[in-house]
Amino acid sequence: MALSPPRPPRWDPEEPMEEPRWSPTLLDPDTELEPGLQIILVSSSEPSPPPSPEAAPSPGEEDSPEAGPPLAADVCICCGSLQVYTQHPLFQGGMCSQCKDRYLENLFLYDADGYQSFCSICGSGETLLICTRCYCFECVDSLVSPGTAARVQAMSRWACFLCLPFPLSGRLRRRDRWRQRLKDFYDRESDHPLEMYKTVSVWKREPVRVLSLFGDIRKELKSLGFLGGAGLGQLKHLDDVTDVVRKDVDAWGPFDLVFGSTPPLGQACDHPPGWYLFQFHRLLQYARPPPGGRPFFWMFVDNLALTEDTQAIATRFLEIKPATLQEVRGRAPLSAARVWSNVPAVRSRHLALGAEEEGCLQAQARLRPRPPRPPTLLRTCFLPLREYFKASPEPGAP
Ligand SMILES: [Zn+2]
Ligand SMILES: [Zn+2]
Ligand SMILES: [Zn+2]
């Protein structure tokens with residue numbers, strides 16, 4: 001669970017603020033530090049001699065005496081294993097195969113509040129310290145310095161080890177170009193067939209421009225803070241696209257997200273279910289920017305309307321396998337949908353629906369006077385977009 005720091009910010013007067021030893025010219029281009037954020041400097045408790053110009057350490061040698069040796073490339077920084085499989089994408093040090101799998105699995109996992117719900121160092125963690133990314137107490141105390149986690153928790157806002165202007169915190173050394181490395185790590189290690197876009201730093205995120213076909217996702221995107229305020233995103237919704245041509249989409253766009261869905265389960269369709277897929281695919285081609293450019297996402301949702309054959313066609317057209325999303329109460333699915341998408345980490349946390357379960361959901365939907373609004377299920381699928389587009393920090397209630 002994520003913790004909000006309970007107390008107002010303060011600088012301990014007993015703790016003199018040390019000048020960070022870094023040169024602005026050496027800043028990582030990914031570095032972002034908002035004025036007013038608090039910084040914890042890991043320093044020796046012993047008074048250090050005043051730095052003289054000759055003795056000024058180079059950025060590679062700025063370890064403080066209590067920091068200990070830097071983390072080695074041949075040790076997993078997540079669990080300490082010596083069976084290193086790869087290098088950690090964000091911090092110097094190795095990663096074992098098991099920790100790599102867990103890290104990839106959790107890379108785009110968010111809790112209900114929209115915070116990343118895993119530690120950016122070890123990929124797990126129960127109690128998390130929050131910046132734009134999260135960190136667990138154990139990693140912070142063991143890799144930065146004992147007691148750091150409690151000090152961070154006492155702050156109202158805190159700049160984490162990726163946001164700080166200097167790369168070294170205790171034994172933890174941020175890698176340069178970490179956004180690129182994280183992307184490379186994902187592209188290399190995940191079996192996701194689509195390339196991931198490099199995430200965008202907080203201060204460079206733009207409002208999202210959405211084209212929503214058939215199903216309207218305005219409510220979901222609003223609840224996540226993407227829409228519904230000054231400087232936030234825009235959504236264009238269309239129910240009937242029969243007469244829409246490329247020129248129209250060009251004139252309405254550009255778009256960053258194209259969404260389409262079959263009608264909710266239990267609702268009468270104006271067209272055969274496959275029509276929604278084919279129209280979505282047609283308009284997606286119009287909206288898609290040239291490859292290698294800006295982040296561009298799409299999502300097609302089947303509310304259990306497509307036949308098995310049409311599902312196979314969708315997989316061929318969209319060049320990705322669907323994920324089955326389920327809202328489960330006890331052991332019975334309450335609602336379910338199949339989702340084809342290039343949004344990172346949209347994937348099944350459940351096994352595919354059995355024919356029996358699917359039939360059961362379809363029968364329930366026919367009996368219910370008003371079917372459950374299926375895009376509710378999709379809310380979490382949109383959360384990874386917070387790494388790319390502007391969202392208000394205080395999203396409305398779901
Ligand atoms: Zn490990
Ligand atoms: Zn951790
Ligand atoms: Zn941060």
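Reader: Which residues does Val258 touch, not counting residues up to four places away in sequence?
Author: First, a word on what you are looking at: this is a predicted model, in which local features need pLDDT of at least 70, side-chain atom pairs count only at pLDDT 80 or more, and totals for chains, interfaces and linings use all residues. Residues are numbered from 1 along each chain as its sequence is written, while chains are lettered from A and ligands numbered from 1 in the order in which they are written. Two residues are in contact if their C-beta atoms, placed from the backbone, lie within 7 Å. Outside its sequence neighbours up to four places away, Val258 touches Leu211, Leu283, Leu284, Ala287 and Trp298.

Reader: Which residues have the most contacts inside the largest nonpolar core?
Author: A nonpolar core is a set of buried Ala, Val, Leu, Ile, Met, Phe, Trp, Tyr and Cys residues joined through C-beta atoms within 7 Å. Buried means that 20 or more other C-beta atoms lie within 10 Å of a residue's own; with 12 or fewer a residue is exposed, and in between it is partly exposed, all with C-beta atoms placed from the backbone. The largest such core has 94 residues, and those with the most contacts inside it are Cys119, Ile121, Tyr135, Val140, Val258 and Met299.

Reader: Which helix gives the most to this core?
Author: Helices (H or I, at least four residues) and strands (E, at least two) are DSSP runs, numbered from the N terminus. The helix that gives the most to the core spans residues 273-287 and supplies six residues: H7.

Reader: At what angle do H7 and helix H8 pack?
Author: The contact brings together Pro273, Gly274, Leu277 and His281 of H7 with Thr310, Ala314 and Phe317 of H8. For H7 and H8 (residues 308-318), the axes are 10 Å apart and the angle is about 5°.

Reader: Is Ile121 buried or exposed?
Author: Ile121 sits in the loop between H1 and strand E3 (128-130). Leaving aside neighbours within four places in sequence, Ile121 is in contact with Ile77, Cys78, Phe91, Tyr135, Cys139 and Leu143. With 27 other C-beta atoms within 10 Å, Ile121 is buried.

Reader: Which residues of helix H2 are buried?
Author: The helix covers residues 137-144. Its buried residues pack against E3, strand E4 (134-136), helix H3 (148-153), strand E5 (168-169) and strand E6 (172-173). Those buried residues of H2 are Cys139, Val140, Ser142, Leu143 and Val144.

Reader: Is Arg177 buried or partly exposed?
Author: Arg177 lies in the loop between E6 and H4, and has a positive phi of about 50° although it is not a glycine. Given 13 other C-beta atoms within 10 Å, Arg177 is partly exposed.

Reader: What is phi of Phe214 near?
Author: Phe214 is found in the loop between strand E7 (209-213) and helix H5 (218-223). Phe214 counts as buried, with 25 C-beta neighbours inside 10 Å. Phi of Phe214, a residue other than glycine, is positive and near 70°.

Reader: Which two residues does a cis peptide bond join?
Author: One of the two lies in the loop between helix H6 (246-252) and strand E9 (257-261). With omega about 0°, the cis peptide bond joins Gly253 and Pro254.

Conventions: Axes fitted to C-alpha atoms, helices over the stretch in contact; angles between N-to-C directions.
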